Amino acid sequence: MKLTKSELEVMETLWKAGRPLARFEILELSVDRSWSASTIHILLNGLLKKGAVREAGFIKRTKTYGRLYDVLISREDYYSMTLFRGKNVKKIPSFFSMLLNTDDLTVEVVDELERMLAERRKELDAKK
């Protein structure tokens with residue numbers, strides 16, 4: 001699944017909210033958006049077709065009801081699916097280096113990363 005820049009902006013708004021949102025809420029919470037408010041329905045329909053969001057019920061606003069939209073894919077899953085596929089797999093060491101150089105990195109996190117790398121090494125060795 002590849003999202004457009006505008007669709008990704010809508011997804012970021014939904015991910016940050018952490019709950020289903022109505023169109024008007026997405027518009028209110030979308031800061032510095034690159035798309036116009038009149039295209040929100042087109043973006044949401046595109047996200048529905050791509051399976052990135054789902055309709056999650058309705059909310060009453062004044063005298064009318066509006067649909068709620070919720071994510072079907074996490075931010076982590078989306079970025080891992082799109083960023084490190086094909087030619088981009090060569091970027092993994094740079095990304096990993098960036099992660100290792102963060103100030104908040106703990107011994108526990110390093111231990112977990114080492115465990116994950118060791119597991120993956122075993123899987124790759126078994127395929128040889």
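Modeller: The answers below go label by label, and the model is a predicted one.

Colleague: Why is Val 71 called partly exposed?

Modeller: The relative accessible area of Val 71 is 23%. Buried means under 20% and exposed means over 50%, so Val 71, at 23%, counts as partly exposed.

Colleague: Where does Val 71 sit, and which residues does Val 71 touch?

Modeller: Val 71 belongs to strand β3, residues 64-71. Leaving out residues up to four places away in sequence, Val 71 touches Met 11, Leu 14, Trp 15, Ala 52 and Val 53. Val 53 is 18 residues from Val 71 along the chain, and their C-alpha atoms are separated by 4.3 Å.

Colleague: What makes up the lining of the largest pocket?

Modeller: The largest pocket has a volume of about 750 Å³. Among its 16 lining residues, Ile 92, Phe 96, Met 116, Leu 117 and Arg 120 are the closest to the centre. The lining divides into eleven nonpolar, one polar and four charged residues. Helix α6 gives the largest share, seven residues, and α5 (92-100) supplies at least two.

Colleague: How do you know that Arg 33 and Ala 17 belong to the lining of the second largest pocket?

Modeller: A lining residue has an atom within 4 Å of a pocket point, and Arg 33 and Ala 17 are among the residues that line the second largest pocket. That pocket has a volume of about 150 Å³. Its lining has three nonpolar, two polar and four charged residues, and helix α1 (residues 5-17) gives the most, with five.

How values were computed:
Residues numbered from 1 in each chain as written. Predicted model: local features only at pLDDT ≥ 70, side-chain atom pairs only at ≥ 80, totals over all residues. Heavy atoms only, no water. Helix = DSSP H or I, 4+ residues; strand = E, 2+ residues; numbered from the N terminus. Buried < 20%, exposed > 50% of the residue type's maximum accessible area, 1.4 Å probe, protein only. Contact = heavy atoms within 4.5 Å. 1 Å grid on protein atoms, 1.4 Å probe; cavity = no way out; pocket = protein on both sides within 12 Å on 5 of 7 lines; lining within 4 Å. Points joined across faces, edges and corners; volume = space filled by probe spheres on them. Nonpolar A, V, L, I, M, F, W, Y, C, P; charged D, E, K, R; others polar.
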